[in-house]
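Please view the sequence and structure below before reading on.

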Amino acid sequence: MPRDLRQQARDRLSALAPAPGDDTTVARRVEQDVSLVGRLLAAAGEEKDHGQEPGVGPYDVGAALGLFEEMREQLDRLETQVVIEARRRGMDWRQVAAHQGLNSSQAASQRYQRLMTRLEEIRQGVR
């Protein structure tokens with residue numbers, strides 16, 4: 001999806017009902033973790049740019065790295081839920097593919113199947 005279409009999508013979604021105050025939603029936790037990683041990188045960049053004493057240590061970087069697997073899992077869950085909602089609302093696989101930046105309906109369907117398989121493996125403790 002081209003950059004300007006992504007911004008239009010963000011604007012459209014921002015106009016929906018305000019986010020619930022519940023900080024335990026999956027989307028909220030992913031948002032918080034992404035923000036923490038961004039803060040780490042900003043702090044590390046400031047050190048480099050300003051020659052400051054390192055405030056970001058290996059433990060901090062390791063902690064940030066530790067967030068990614070859960071973020072991936074949660075993003076997979078969210079993407080799966082949105083695809084299910086798209087299909088429920090009558091979108092065909094070709095339309096889903098176009099919004100995901102994929103070239104074919106087959107690619108969108110296969111991606112969905114891979115996500116479902118991965119999430120099931122996680123649920124069963126295989127991954």
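How are H3 and H5 oriented to each other?

## Packing of H3 and H5

Helix H3 (residues 58-88) and helix H5 (residues 105-124) pack at an angle of about 130°, and their axes lie 10 Å apart. H3 and H5 are therefore oblique to each other, since angles under 35 degrees count as roughly parallel, over 145 as roughly antiparallel, 65 to 115 as roughly perpendicular and the rest as oblique. The crossing of H3 and H5 is left-handed.

Residues of H3 that make the contact (heavy atoms within 4.5 Å) include Glu-69, Arg-72 and Asp-76, and those of H5 include Arg-111, Tyr-112 and Leu-115. The residues of this contact of H3 with H5 divide into eight charged, seven nonpolar and one polar.

## Basis of the model

This is a predicted model, in which local features need pLDDT of at least 70 and side-chain atom pairs count only at pLDDT 80 or more, while totals for chains, interfaces and linings use all residues. Residues are numbered from 1 along each chain as its sequence is written, and side-chain values use heavy atoms, with hydrogens and water left out.

## The chain overall

The secondary structure of the chain comprises five helices and zero strands. Of its 127 residues, 18% count as buried, meaning under 20% relative accessible area (1.4 Å probe, protein chains only).

## The ends of H4

At the start of helix H4 (residues 93-100), a side-chain oxygen of Asp-92 reaches to within 3.1 Å of the backbone nitrogen of Arg-94. Just after H4, Gly-101 adopts a positive phi of about 75°.

Technical notes:
Axes are lines fitted to C-alpha atoms, for helices over the stretch in contact, and angles run from 0 to 180 degrees between N-to-C directions. Helices (H or I, at least four residues) and strands (E, at least two) are DSSP runs, numbered from the N terminus. A crossing is left-handed if the near helix is turned anticlockwise from the far one by less than a right angle, and right-handed if clockwise. Ala, Val, Leu, Ile, Met, Phe, Trp, Tyr, Cys and Pro count as nonpolar, Asp, Glu, Lys and Arg as charged, and the others, Gly among them, as polar. A polar contact is a pair of N or O atoms within 3.5 Å; within protein, one must be able to donate a hydrogen and the other to accept it, and residues adjacent in sequence count only if both atoms are side-chain atoms. Buried means under 20% relative accessible area, exposed over 50%, partly exposed in between (1.4 Å probe, protein chains only).
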